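Student: Could we go through this model together? I would like to start with charged pairs and then turn to a loop residue.

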Amino acid sequence: IAGCCCAAICAPVGEPAVPLPISVQLMAATATIEAAPATSFQRKTGVLTVEGEEDTVSVSFLDGKVVAADSLKRRFENRLGNLLVRAGKLTPAVLAEVLEEQKRLEQRIGFVLINRGLVTPGDLQAALRTQILNLIYRLFRWRDGRYYFSQEKSVEYEVDHFTPVAT
(Lines give C-alpha, C1' and ligand atoms only; values in the text may rest on other atoms or scores of the structure.)
Protein backbone atom coordinates (compact mmCIF):
# COMPACT_ATOMS: atom_id res chain seq x y z
CA ILE A 1 0.00 0.00 0.00
CA ALA A 2 1.51 3.31 -1.00
CA GLY A 3 2.51 5.31 2.04
CA CYS A 4 1.90 2.45 4.45
CA CYS A 5 4.49 1.97 7.17
CA CYS A 6 4.42 -1.78 6.67
CA ALA A 7 3.83 -2.12 2.92
CA ALA A 8 5.76 -5.38 2.77
CA ILE A 9 3.12 -7.22 4.77
CA CYS A 10 -0.10 -5.22 4.24
CA ALA A 11 -2.65 -6.62 1.82
CA PRO A 12 -3.80 -3.94 -0.62
CA VAL A 13 -7.47 -3.03 -0.38
CA GLY A 14 -9.49 -4.90 -2.98
CA GLU A 15 -7.13 -7.88 -3.12
CA PRO A 16 -7.71 -11.23 -1.37
CA ALA A 17 -6.91 -11.33 2.32
CA VAL A 18 -3.47 -12.52 3.34
CA PRO A 19 -3.77 -16.19 4.40
CA LEU A 20 -2.19 -15.64 7.83
CA PRO A 21 -4.52 -15.03 10.79
CA ILE A 22 -4.93 -11.30 11.31
CA SER A 23 -3.43 -11.58 14.80
CA VAL A 24 -0.23 -13.01 13.27
CA GLN A 25 -0.20 -10.25 10.65
CA LEU A 26 -0.63 -7.54 13.28
CA MET A 27 2.02 -9.08 15.53
CA ALA A 28 4.41 -9.32 12.56
CA ALA A 29 3.77 -5.67 11.76
CA THR A 30 4.36 -4.72 15.39
CA ALA A 31 7.59 -6.74 15.55
CA THR A 32 8.81 -5.19 12.30
CA ILE A 33 7.96 -1.72 13.55
CA GLU A 34 9.55 -2.23 16.96
CA ALA A 35 12.71 -3.61 15.34
CA ALA A 36 13.21 -0.43 13.32
CA PRO A 37 13.02 2.51 15.74
CA ALA A 38 14.51 4.97 13.21
CA THR A 39 11.40 4.58 11.05
CA SER A 40 9.20 3.82 14.01
CA PHE A 41 5.45 3.60 13.59
CA GLN A 42 5.30 4.50 17.26
CA ARG A 43 5.52 8.21 16.41
CA LYS A 44 3.08 8.18 13.50
CA THR A 45 -0.31 9.80 13.38
CA GLY A 46 -3.08 8.24 11.36
CA VAL A 47 -5.70 5.53 11.17
CA LEU A 48 -5.15 1.77 11.06
CA THR A 49 -8.13 0.15 9.35
CA VAL A 50 -8.63 -3.58 9.78
CA GLU A 51 -11.18 -5.25 7.50
CA GLY A 52 -12.53 -8.70 8.28
CA GLU A 53 -15.41 -10.84 7.11
CA GLU A 54 -17.80 -9.62 9.79
CA ASP A 55 -16.61 -6.10 10.62
CA THR A 56 -14.27 -3.22 9.90
CA VAL A 57 -12.41 -1.61 12.79
CA SER A 58 -10.48 1.66 12.71
CA VAL A 59 -7.85 2.47 15.32
CA SER A 60 -6.59 6.06 15.47
CA PHE A 61 -3.05 6.91 16.53
CA LEU A 62 -1.59 10.25 17.57
CA ASP A 63 2.21 10.30 17.71
CA GLY A 64 2.14 6.49 17.94
CA LYS A 65 -0.36 6.32 20.81
CA VAL A 66 -3.87 4.88 20.51
CA VAL A 67 -6.41 7.66 20.92
CA ALA A 68 -9.60 6.17 19.44
CA ALA A 69 -11.13 3.06 17.94
CA ASP A 70 -14.40 2.45 16.19
CA SER A 71 -16.24 -0.43 14.61
CA LEU A 72 -18.80 -0.46 11.81
CA LYS A 73 -20.76 -3.04 13.80
CA ARG A 74 -21.01 -1.48 17.21
CA ARG A 75 -21.61 -4.39 19.54
CA PHE A 76 -24.22 -3.81 22.22
CA GLU A 77 -21.96 -5.03 25.01
CA ASN A 78 -19.19 -2.59 24.03
CA ARG A 79 -21.30 0.56 23.83
CA LEU A 80 -20.20 3.22 26.29
CA GLY A 81 -23.47 3.33 28.24
CA ASN A 82 -23.52 -0.45 28.65
CA LEU A 83 -19.92 -0.43 29.87
CA LEU A 84 -20.86 2.16 32.51
CA VAL A 85 -23.86 0.06 33.58
CA ARG A 86 -21.64 -3.04 33.92
CA ALA A 87 -19.14 -0.98 35.93
CA GLY A 88 -21.95 0.02 38.33
CA LYS A 89 -21.75 3.72 37.40
CA LEU A 90 -25.27 3.85 35.89
CA THR A 91 -28.48 1.88 36.19
CA PRO A 92 -30.23 0.63 33.05
CA ALA A 93 -33.12 3.03 33.77
CA VAL A 94 -30.81 6.06 34.02
CA LEU A 95 -29.02 4.96 30.84
CA ALA A 96 -32.37 4.85 29.00
CA GLU A 97 -33.13 8.43 30.15
CA VAL A 98 -29.67 9.62 29.10
CA LEU A 99 -30.00 8.01 25.66
CA GLU A 100 -33.30 9.85 25.11
CA GLU A 101 -31.71 13.13 26.17
CA GLN A 102 -28.72 12.42 23.95
CA LYS A 103 -30.98 12.00 20.92
CA ARG A 104 -32.89 15.17 21.76
CA LEU A 105 -29.75 17.27 22.27
CA GLU A 106 -27.78 15.58 19.47
CA GLN A 107 -24.75 15.34 21.75
CA ARG A 108 -22.32 12.55 22.57
CA ILE A 109 -23.35 10.41 25.49
CA GLY A 110 -20.24 11.37 27.48
CA PHE A 111 -21.15 15.05 27.21
CA VAL A 112 -24.65 14.37 28.57
CA LEU A 113 -23.37 12.15 31.39
CA ILE A 114 -20.78 14.68 32.56
CA ASN A 115 -23.16 17.66 32.30
CA ARG A 116 -25.80 15.86 34.34
CA GLY A 117 -23.20 14.87 36.94
CA LEU A 118 -24.00 11.18 36.50
CA VAL A 119 -20.38 10.12 36.05
CA THR A 120 -17.06 11.74 36.81
CA PRO A 121 -14.53 12.57 34.11
CA GLY A 122 -12.47 9.68 35.50
CA ASP A 123 -15.40 7.26 35.10
CA LEU A 124 -15.86 8.37 31.51
CA GLN A 125 -12.14 8.10 30.80
CA ALA A 126 -12.03 4.55 32.21
CA ALA A 127 -15.07 3.49 30.15
CA LEU A 128 -13.64 4.98 26.95
CA ARG A 129 -10.35 3.19 27.57
CA THR A 130 -12.18 -0.11 28.14
CA GLN A 131 -14.24 0.41 24.99
CA ILE A 132 -11.19 1.07 22.84
CA LEU A 133 -9.11 -1.75 24.29
CA ASN A 134 -12.01 -4.20 23.85
CA LEU A 135 -12.09 -3.38 20.14
CA ILE A 136 -8.33 -3.79 19.79
CA TYR A 137 -8.27 -7.08 21.74
CA ARG A 138 -11.08 -8.40 19.55
CA LEU A 139 -8.89 -7.85 16.47
CA PHE A 140 -6.35 -10.34 17.76
CA ARG A 141 -9.02 -13.08 17.74
CA TRP A 142 -9.79 -12.61 14.04
CA ARG A 143 -8.64 -15.49 11.87
CA ASP A 144 -8.20 -13.46 8.71
CA GLY A 145 -8.57 -10.04 7.21
CA ARG A 146 -6.51 -7.24 5.79
CA TYR A 147 -5.32 -3.94 7.13
CA TYR A 148 -3.73 -0.71 6.07
CA PHE A 149 -2.45 2.43 7.71
CA SER A 150 -3.37 5.88 6.46
CA GLN A 151 -0.89 8.45 7.73
CA GLU A 152 -2.59 11.74 8.65
CA LYS A 153 -1.48 15.11 9.99
CA SER A 154 -3.98 14.82 12.87
CA VAL A 155 -6.81 12.62 14.14
CA GLU A 156 -9.91 13.46 16.15
CA TYR A 157 -10.52 11.99 19.58
CA GLU A 158 -12.03 12.84 22.98
CA VAL A 159 -9.15 15.08 24.09
CA ASP A 160 -10.88 16.09 27.34
CA HIS A 161 -11.85 12.56 28.36
CA PHE A 162 -9.25 10.18 27.00
CA THR A 163 -5.58 9.70 27.78
CA PRO A 164 -3.64 8.26 24.82
CA VAL A 165 -2.51 4.64 25.28
CA ALA A 166 1.12 3.78 24.48
CA THR A 167 1.56 1.00 21.92
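**Salt bridges and a buried loop residue**

Tutor: R138 counts as buried, because its relative accessibility is 8%. Please keep in mind that this is a predicted model.

Student: Which residue meets the side chain of R138 in a salt bridge?

Tutor: The partner is D55, with an N to O distance of 3.0 Å.

Student: Is D55 buried or exposed?

Tutor: D55 counts as buried, because its relative accessibility is 6%.

Student: How many salt bridges does the structure hold?

Tutor: There are seven salt bridges in the structure. One of them pairs E51 with R146, whose closest N and O atoms lie 3.2 Å apart. Here too distant parts of the chain are linked, since E51 is in strand β1 (residues 46-51) and R146 is in strand β4 (residues 146-151), 95 residues apart.

Student: Why does E51 count as buried? And what about R146?

Tutor: The relative accessibility of E51 is 17%, so E51 counts as buried; the cut-off is under 20%. R146 has 21% relative accessibility and therefore counts as partly exposed.

Student: Which residue does E158 pair with?

Tutor: E158 forms a salt bridge with R108 through their side chains, at 2.9 Å from N to O.

Student: How accessible are E158 and R108?

Tutor: E158 counts as partly exposed, because its relative accessibility is 26%. R108 counts as exposed, because its value is 60%.

Student: Which residues are linked in a network of salt bridges?

Tutor: That network links E97, E101 and R116.

Student: Changing topic: where does L90 lie?

Tutor: L90 is in the loop between α2 (80-86) and α3 (92-105). With 7% relative accessibility, L90 counts as buried.

Student: What does L90 touch, leaving out residues up to four places away in sequence?

Tutor: On that basis, L90 touches G81, L84, V85, L95, L113, L118 and V119.

Student: How far apart are L90 and V119?

Tutor: In sequence, L90 and V119 are 29 residues apart, while their C-alpha atoms are 8.0 Å apart in space.

Methods
Residues numbered from 1 in each chain as written. Predicted model: local features only at pLDDT ≥ 70, side-chain atom pairs only at ≥ 80, totals over all residues. Heavy atoms only, no water. Helix = DSSP H or I, 4+ residues; strand = E, 2+ residues; numbered from the N terminus. Buried < 20%, exposed > 50% of the residue type's maximum accessible area, 1.4 Å probe, protein only. Contact = heavy atoms within 4.5 Å. Salt bridge = Lys/Arg side-chain N within 4 Å of Asp/Glu carboxyl O.
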